[in-house]
Amino acid sequence: MKGSESTGAAYLECTGTGERFESEELHGLSPSGKPLFARYPLSTLRDRFRPEDLRGRSADLWRYAEVLPVRDPSCRIGLGEGWTPLLDTPRVARRLGLARVLVKDEGQNPTASFKARGMALAVSRALELGAEELALPSAGNAGGAAAAYGAAAGMPVHVVVPADTPLPILEEIRILGANLVLLDGLISDCGKVVRKGVEESGWWDLSTLKEPYRVEGKKTMGYELFEQLGGRLPDGIIYPTGGGTGLIGMWKAFDEMEALGWIGPERPRMFSVQATGCAPVVRAWEEGAESCRPWEGARTYAAGIRVPGAVGDFLILRALRASGGGAVAVDDVEIARWTGLLGEDTGIFAAPEGGATAAAVPPLLEAGLLSEEDEVVLFNTGSGLKYVGMAPEV
Ligand SMILES: Cc1ncc(COP(=O)(O)O)c(C=O)c1O
């Protein structure tokens, strides 16, 4: 197939300073403590990687091999991740008062969440570059995905999660053979345990944006939107934001697509939704700040967005502002109510994080950040099956 061979990244770039690093060695954060981005030879790829080259390729994220970092095809650890449906949902559009609403149903990924995308790439690269033991703190779903891809790669995985993580996710992590550590605390406390394991036992840290490749898996959501909409992007994207990898990844994908000549300078407006009980990005956006202050006493049943602080906060805020988008917080009762309405209108049993994206629309319309002519994509980032029994009474 023309242009189907993977080229890998040309180098890694510090998102803070722009400094460049060798791509074929294991790297965590840059020396200045910022995430590293994989950069590809896009001006060379421009002539031999065109949207029409994607026709007939595998219905998973590996269809974008030219802009993915894995070089050796035998290191691709795949469980069928990506190429999830983008569902047109006219009843949701009518209920919300928007011209068109599409739901990107990421609950249909392996391990029932979009975390599969990031972990497929992070574990594949860890294997390719010689890491031996993997570890991460997780709000839940990333732990399940890491356990799955570690098992598929034959690599040991340590997952540290808050003790009140939804039970189905705990069972998933155990069944998939990972070493599960439960902690009375938040994901930030779990991170401290992982850092100790990294220093003392040589674990390879898969924390959000602390290695360069989870974001490469997540960015494929941006490429898929373009392809599934027939070669264009929507007016708005609403994304439930914890560490922000998916939002940052899609923003990166749009820049890559422009450099490849697939799109022009136009961009969707990017919106973050968070829970009122944990909304560091919303607060920073409202304050006009460039980074977030850690959120004290984070609380929401939408476990994936119960993230008090994120290493890529400045990248999230930059994308929200550059796109003309914004950020909004919704409370748990509204999240539960909209998860139900979304279900009734579509047949999708969404994760609460997905329900939150629908709950975000009324306040965004009221604030004038969305308008009734808009075509908007809601990201349902996971399946409701993982949160059974967690929702508050509506
Ligand atoms: C279902 C779900 N939605 C959203 C998020 C937040 O994702 P991100 O870290 O990319 O912001 C998570 C993270 O755990 C999640 O599990």
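1. Cys-14 has Leu-36 as its bridge partner in β3. That bridge belongs to an antiparallel pairing of β1 with β3 (residues 36-39), which runs over 4 bridges. Strands pair here if DSSP finds at least two bridges between them. Strands (E, at least two residues) and helices (H or I, at least four) are DSSP runs, numbered from the N terminus.

2. A word on the source. This is a predicted model, in which local features need pLDDT of at least 70 and side-chain atom pairs count only at pLDDT 80 or more, while totals for chains, interfaces and linings use all residues. Residues are numbered from 1 along each chain as its sequence is written, and side-chain values use heavy atoms, with hydrogens and water left out.

3. Back to β1 (residues 11-14). Tyr-11 and Glu-13 point one way. Leu-12 and Cys-14 point the other way. All four of these residues are buried. Buried means under 20% relative accessible area, exposed means over 50%, and partly exposed lies in between (1.4 Å probe, protein chains only).

4. β1 has another partner. It pairs with β2 (residues 20-21) in the antiparallel sense, over 2 bridges. Leu-12 stands opposite Phe-21 of β2. The hairpin of β1 and β2 has 5 residues between the strands. Gly-18 in this hairpin takes a positive phi near 85 degrees.

5. Domains next. The assignment gives domain 1 (11-69), domain 2 (86-112 + 215-387) and domain 3 (115-205). These bounds come from an automatic or database domain assignment. Domain 2 is written as two segments, 86-112 and 215-387.

6. How far apart are the C-alpha centres of domain 1 and domain 3? They lie 23 Å apart. The contact (heavy atoms within 4.5 Å) takes 10 residues from domain 1 and 11 residues from domain 3. About 830 Å² is buried between the two domains, and carbon and sulfur atoms give 75% of that area. Buried area is the accessible area (1.4 Å probe) that two parts lose on being put together, summed over both. On the domain 1 side, Leu-26, Leu-61 and Pro-69 lose the most area to domain 3, together 61% of what that side buries.

7. A salt bridge is a side-chain nitrogen of Lys or Arg within 4 Å of a carboxyl oxygen of Asp or Glu. Arg-125 forms a salt bridge with Glu-24, with the closest N and O atoms 3.1 Å apart. Both residues sit in a salt-bridge network that links Glu-24, Arg-71, Arg-125 and Glu-128.

8. The open sheet is a separate item. Its 4 strands run in the order β8-β7-β6-β9, and the pairing is parallel. β8 (179-183) and β9 (204-205) are the edge strands, each pairing on one side only. β7 (residues 157-162) and β8 pair in the parallel sense over 5 bridges. Val-159 stands opposite Leu-180 in β8.

9. Helix α10 (residues 280-287) has Pro-280, Val-281, Val-282 and Ala-284 buried. Its buried residues pack against β11 (269-275), α11 (313-322) and β12 (326-330). Just after α10, Gly-288 takes a positive phi of about 75 degrees.

10. The structure holds 26 salt bridges. In one of them, Arg-63 meets Glu-227 at 2.8 Å, N to O. The pair links distant parts of the chain, 164 residues apart. Arg-63 lies in the loop between α1 (42-45) and β4 (86-88), and Glu-227 lies in helix α8 (residues 220-228). Arg-63 counts as buried because its relative accessibility is 6%.

11. Asp-88 and Arg-100 form another salt bridge, with the closest N and O atoms 3.2 Å apart. Asp-88 is in strand β4 and Arg-100 in strand β5 (residues 100-105), 12 residues apart. Asp-88 is partly exposed, with a relative accessible area of 43%. Arg-100 is partly exposed too, at 28%.

12. Arg-337 and Glu-334 meet in a salt bridge of 2.9 Å, N to O. Both lie in α12 (residues 332-346), 3 residues apart, about one turn of the helix. An α-helix has 3.6 residues a turn, so residues three or four places apart point the same way. Arg-337 counts as partly exposed at 35% relative accessibility. Glu-334 is partly exposed, with a relative accessible area of 27%.
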